[in-house]
Amino acid sequence: MSALDEAIPLAADLCRHFEGFRSKPYICPAGYPTIGYGTVWKPDGTKVTMDHPPISREVANDWLMRELRGTYAAGVLKASPGLVSNPRALAAMIDFTYNLGVGRYRASTLRRRVDAQDWEGAKDQLSRWVRGGGIVLPGLVRRRKAEAALF
């Protein structure tokens, strides 16, 4: 089994746990119409709208797995190719980017710590990404701790 094949299910478990499932569209904390397990962009490249019909857990899971493999894992591995040999850390960073975006990861001190395999430094950096609207959000604190536990 490749590191990616091992990392994707771990990342998906984190995403499903922390995103939760919603069959109908809703506005996420960042202000975007969202559905399923945090999907903003559907696999066909169109944005979720508030008029989108409800989806099943099976559809939501399919969309999540496509996003994780096609967008987030690819983006993390492009930024941090060394993670190809560390499936647990790769899973953590896939979940992080699903939550915050590949661009933020690429530009972060967190990425520099991961690339240096400074796992304690990476854990410290993860603990800084816990705010939404300037407020520490308990759900983000729990999510970052779960990601850090994979190092």
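Guide: Let us begin with Arg143, which touches Cys15, Phe18, Glu19, Asp95, Tyr98 and Asn99 when residues up to four places away in sequence are not counted. The model in view is a predicted one. Arg143 belongs to helix α7. Is this residue buried or exposed? Its relative accessible area is 3%, and a residue counts as buried when that value is under 20%, so Arg143 is buried.

Helix α3, which covers residues 87-100, packs against helix α7, which covers residues 138-148. Two packed helices are described by the angle between their axes and the distance between the axes. Here the angle is about 155 degrees and the axes are 9 Å apart. Because angles over 145 degrees count as roughly antiparallel, α3 is described as roughly antiparallel to α7. On the α3 side, the residues that meet α7 are Ala92, Asp95, Phe96, Tyr98, Asn99 and Leu100. On the α7 side, they are Leu140, Arg143, Arg144 and Glu147. Sorted by class, this contact has five nonpolar, one polar and four charged residues.

Five aromatic pairs are found in a search of the whole structure. A pair of aromatic rings is described by the distance of the centres and the angle of the planes. One of these pairs is formed by Phe21 and Tyr37; this pair is tilted, with 5.4 Å from centre to centre and 50 degrees between the planes. Phe21 lies in the loop between α1 (3-19) and β1, while Tyr37 lies in the loop between β2 and α2 (57-79), so the pair ties together parts that are 16 residues apart in sequence. The two residues may also be described by their accessibility: Phe21 is partly exposed at 23% relative accessible area, whereas Tyr37 is buried at 7%. As for Phe96, its ring and that of Tyr105 have centres 6.4 Å apart and planes at 65 degrees, so this pair is edge-to-face. Phe96 and Tyr105 are both buried. Ring pairs also bring in Trp129, so that Phe96, Tyr105 and Trp129 are linked into a cluster.

Apart from neighbours within four places in sequence, Asn61 is in contact with Arg16 and Tyr37. Asn61 has its place in helix α2 and counts as partly exposed, with 27% relative accessibility. Asn61 and Gly132 are separated by 71 residues in sequence and by 25 Å in space, from C-alpha to C-alpha.

Strand β1 (residues 22-27) and strand β2 (residues 33-36) run antiparallel and are joined by three bridges. Tyr26 stands opposite Thr34 in β2. The hairpin of β1 and β2 has five residues between the strands, and Gly31 in this hairpin takes a positive phi near 95 degrees.

A positive phi also occurs at Gln117, with a value of about 55 degrees, although Gln117 is not a glycine. Gln117 is found in the loop between α5 (109-115) and α6 (119-126). With a relative accessible area of 53%, Gln117 is exposed, whereas Arg143, where we began, is buried.

Methods:
Residues numbered from 1 in each chain as written. Predicted model: local features only at pLDDT ≥ 70, side-chain atom pairs only at ≥ 80, totals over all residues. Heavy atoms only, no water. Axes fitted to C-alpha atoms, helices over the stretch in contact; angles between N-to-C directions. Helix = DSSP H or I, 4+ residues; strand = E, 2+ residues; numbered from the N terminus. Parallel < 35°, antiparallel > 145°, perpendicular 65-115°, else oblique. Contact = heavy atoms within 4.5 Å. Nonpolar A, V, L, I, M, F, W, Y, C, P; charged D, E, K, R; others polar. Pairing = 2+ DSSP bridges. Phe/Tyr/Trp six-rings, centres within 6.5 Å; stacked < 30°, edge-to-face > 60°. Buried < 20%, exposed > 50% of the residue type's maximum accessible area, 1.4 Å probe, protein only.
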